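Me: I would like to go through this structure with you. Could we take it topic by topic?

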Amino acid sequence: MSETTSSNEENKLPLNGRRAIPLNYSNDEENEVPEMEAFGLIPRGFNPRDYLRVVDIYMFKDPHEINKQEHHTDKYYNPKLIVRRGQAFQIQIDFNRPYKPETDQFWLEFLMGRYPQQNKGTYIPILVGNVLKPGQWGAKIIHRENNSIRLSIMSSPTCIIGKFRLYVAVLTPFGILRTRRNSATDTYILFNPWCQLDAVYLDDEKEREEYVLNDVGVVFHGNVEDIKSRSWSYGQFEENILDACLFLMDKAELELSGRGNPIKICRVASAVVNSRDDNGVIAGSWNNMYDNGVAPSAWTGSVDILLEYYSSKQPVRYGQCWVFAGVFNTFLRCLGIPARLITNYSSAHDNNANLRLDFFLDDEGKVDTRLTKDSVWNYHCWNEAWMTRPDLPVGFGGWQVVDGTPQETSDGMYRCGPASVQAIKHGHVCFQFDAPFVYAEVNSDIFYTRMEKNGTQVVENIDTTRVGQLIVTKEVGGDGMKDITEEYKFREGSDEERLALETAVMYGVKKQSIQDTTYQPQTDIDMDFQAQKAILGNDFKVTITFRNKSRNSYTATTYLSGNIVFYTGVTKREFKKHSFSAKLEPSSSSSFDIVIKSSEYMSDLLEQASFHFFVTARINETGKILAVQKAVVLEIPTLRIKTKGELVAGKEASVIVEFTNPLKQTLENVTLRLEGPGVLRTIKKQFGRIPMNSTLTWEVKFFPMRPGLRKLIASLNSDALRHVYGELNVQIQKP
């Protein structure tokens, strides 16, 4: 196609000794395509109107018409044709006279980018034939009437995805006549999980409806003993979101010719979703300071974030793991790659990927925050995307971990994945990309190590079961939770688990064996720690229980440290210290209660209301140390949402959001957000303050857009209280 470029255009190309044509990574840029491409001198009497000429092209692009219905793209709020690759679609061409196959010759041309080339898949000429062959581009006439013909066009199941420009070219003796540039005939081609030849083919219809077509999801958070959930609006079909997602690939400078490969797309997207090192979509912030930005907990979905980035081209402030994962999920589903959001409870953030998290204790058995660099996140969210992995041995296709949260660099950039879940489970961490890091997140052991005065390290305790003890995602077709831990790891303590670990170590995951360290734990005493269900703003109690299984009497010097932490396990402040001596009688249990007062924690509480308790006990008779740690998350009050009257698409309706302030203080700088994909665009309202025990009521009038079962999602954000959510399922009637 490059030969059609006029000569003055050729002169404008920047000189480059390595390649004749510059890199092509903008889906938006275009080249000039001549309407008359002459073969030589044109005789004076030549009149293009004497030949077959295209009068109009009809794309069947309305949501109720055949193309969007058959290609499952009728939900996109986009006036142009959107089809999925590897599947036939139809267009109609109206000529100035009846088409005569014996003498007339025309073909179609799909172009993408500024420098279309056939060998790069950015210039696709399609001749009209008699049959369509699956697996390759082609077109055939399926209906002729008067001056019109209807074509069925087949795209290749490996073609690049994005927005193509369509031209119809007619051959005349003196040159090629083309249709004018007409953006109304632009065609988006997406991945096709319904097509067996596509790399993202998924064979279960219910799963396709969930992982590609569902525009609302659930984020599980809290901690493993106290799982909390909230809805997230993906909104992959909302207006301009498809263009925003294509822009992300331009921003990541992924060459157009690589955009048919879901592996490449996931890898560059995991870098561009975060703003580290490439000015990507979301700036992360974990320090509870969100000036000149939106607190991560205030977002209710991805749409506002993607649209703000698409228009400003600057990172949107601020996100934490579930925000990165929510936006990444929107991107994947929008392009047609099946995707789901995953939560790993007690996720290891292991700074040197040695499958060992080191918590250093001082002489008293307290954790030394100065020396301790590793942390256990209460939970961490990432994504899985479904695809084949032709770059790996057979058996490693299917779900792949991709993570847009910036934690560690991979090949010099903050990105992670795609890593095969199957490879992680079996310990085959040698296969690209970033499998050792994910393996450590779900499999690390916690070592409690005491530093002696002379610098030697004594391992006092090892916890092998806490990290990655529960991995979940939203169930298919409902809002419940599905436990997928077994997809990542074998049962704790089983032979298969041991073998997977040995395999991972063989492939270079560093693991210090316990034999390296002198470690003889106290086995005849168990220590357990439980916390009462706690509501934000109230007192609650915690209980330490010892079980002495021996015939000896012991005394234990016990130390409890209560810390206010970020959900990443990083401490902000120790708010409770308590030590006592416990007498442990032979063959018996003893429990000790400690009350935690709201006045001790309220002033410094962070937005996810997370505490972290360390309990260490030294058995005085043997000098051995028992250690246990536990995360506690407070109950945060919720928003109440209700609607008035019946909801009909296109008719005015009203929704009411209510909130009662449960704290013993006034809430300042209160912001409410409300959104619902297919129901209403995000609405924000600022309220100055809510005095204690008083109720705020907010009524919003709106016009529901689409009929069907939909979800309204609301959030409240204030200086003293965040992570307040509410949601409501609504049935919108047809008009």
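**Contacts and architecture**

Reply: Leaving aside residues up to four places away in sequence, asparagine 378 touches Gly222, Asn223, Asn344, Tyr345, Ser346, Tyr567, Ser610, Ala631 and Val633. Please keep in mind that this is a predicted model.

Me: Where is asparagine 378 placed?

Reply: Asparagine 378 belongs to strand S18, which covers residues 375-387.

Me: Does asparagine 378 count as buried or exposed, and why?

Reply: Asparagine 378 counts as buried because its relative accessibility is 5%, and the cut-off for buried is under 20%.

Me: With which side chain does asparagine 378 make a polar contact?

Reply: The partner is the side chain of serine 610, at 3.0 Å from the side chain of asparagine 378.

Me: Let us turn to the annotation. Which residues does the UniProt "active site" cover?

Reply: The UniProt record, an unreviewed entry, places the "active site" annotation on Cys321, His380 and Asp403. These residues are spread over 83 residues of sequence, yet they cluster in space, with a largest C-alpha distance of 9.9 Å.

Me: Where does cysteine 321 lie, and what does it touch?

Reply: Cysteine 321 lies in helix H7, residues 321-335. With residues up to four places away in sequence not counted, cysteine 321 touches Trp286, Trp377, Tyr379, His380, Cys381, Thr405 and Tyr567. Cysteine 321 has 0% relative accessibility and therefore counts as buried.

Me: And what about aspartate 403: buried or exposed?

Reply: Aspartate 403 has 1% relative accessibility, so it counts as buried. Aspartate 403 is part of strand S19, residues 398-403.

Me: Which side chain is in polar contact with the side chain of aspartate 403?

Reply: That is the side chain of histidine 380, at 2.8 Å. The residues that aspartate 403 touches, again without those up to four places away in sequence, are Ser270, Phe328, His380, Cys381, Trp382, Arg415, Cys416 and Glu441.

Me: Back to H7. At what angle do the axes of H4 and H7 cross?

Reply: The axes of helix H4 (residues 241-251) and H7 cross at roughly 105° and come within 10 Å. H4 is therefore roughly perpendicular to H7. On the H4 side, the contact is made by Ile241, Leu242, Cys245, Leu246, Leu248 and Met249, and on the H7 side by Thr330, Phe331, Cys334 and Leu335.

Me: How many residues of H4 are buried?

Reply: H4 is mostly covered, with 10 of its 11 residues buried. Among the buried residues of H4 are Asp243, Ala244, Phe247 and Asp250. The cover over the buried residues of H4 includes S3, strand S9 (162-172), strand S11 (187-190), helix H5 (262-272), helix H6 (303-312) and H7.

Me: Which residue with a positive phi follows H4?

Reply: Glutamate 253 follows H4, and its phi is near 55°.

Me: Now H3. Which of its residues are buried, and what covers them?

Reply: Helix H3 (residues 205-213) has Arg208, Glu210, Tyr211, Val212 and Leu213 buried. Their cover includes strand S3 (81-84), H7, strand S16 (339-349), S19 and strand S25 (470-474).

Me: What is found at the start of H3?

Reply: There, a side-chain oxygen of aspartate 204 comes to within 2.8 Å of the backbone nitrogen of lysine 206.

Me: Let us move to the sheets. What is the order of the open sheet of three strands?

Reply: The order is S34-S35-S38, and the pairing is antiparallel. Strand S34 (640-644) and strand S38 (695-702) each have a single partner strand, so one side of each is left without a neighbour in the sheet. The twist from one strand to the next averages 20°.

Me: How many bridges pair S34 with S35?

Reply: Five bridges pair S34 with strand S35, residues 653-660, in the antiparallel sense. The bridge partner of threonine 643 in S35 is valine 655.

Me: And in what order do the strands of the four-stranded open sheet come?

Reply: That sheet has the order S37-S36-S39-S40, with antiparallel pairing. Its edge strands, strand S37 (680-690) and strand S40 (724-732), each pair on one side only. Direction ignored, neighbouring strands of this sheet are turned by 15° against each other on average.

Me: How many bridges join S39 to S40?

Reply: Strand S39 (residues 708-717) and S40 run antiparallel and are joined by nine bridges. Opposite isoleucine 713 stands glutamate 727 in S40.

Note on methods. Residues numbered from 1 in each chain as written. Predicted model: local features only at pLDDT ≥ 70, side-chain atom pairs only at ≥ 80, totals over all residues. Heavy atoms only, no water. Pairing = 2+ DSSP bridges. Helix = DSSP H or I, 4+ residues; strand = E, 2+ residues; numbered from the N terminus. Axes fitted to C-alpha atoms, helices over the stretch in contact; angles between N-to-C directions. UniProt positions renumbered as here; feature names shortened; annotations may be inferred. Buried < 20%, exposed > 50% of the residue type's maximum accessible area, 1.4 Å probe, protein only. Contact = heavy atoms within 4.5 Å. Polar contact = N/O pair within 3.5 Å; in protein donor to acceptor, adjacent residues only side chain to side chain. Parallel < 35°, antiparallel > 145°, perpendicular 65-115°, else oblique.
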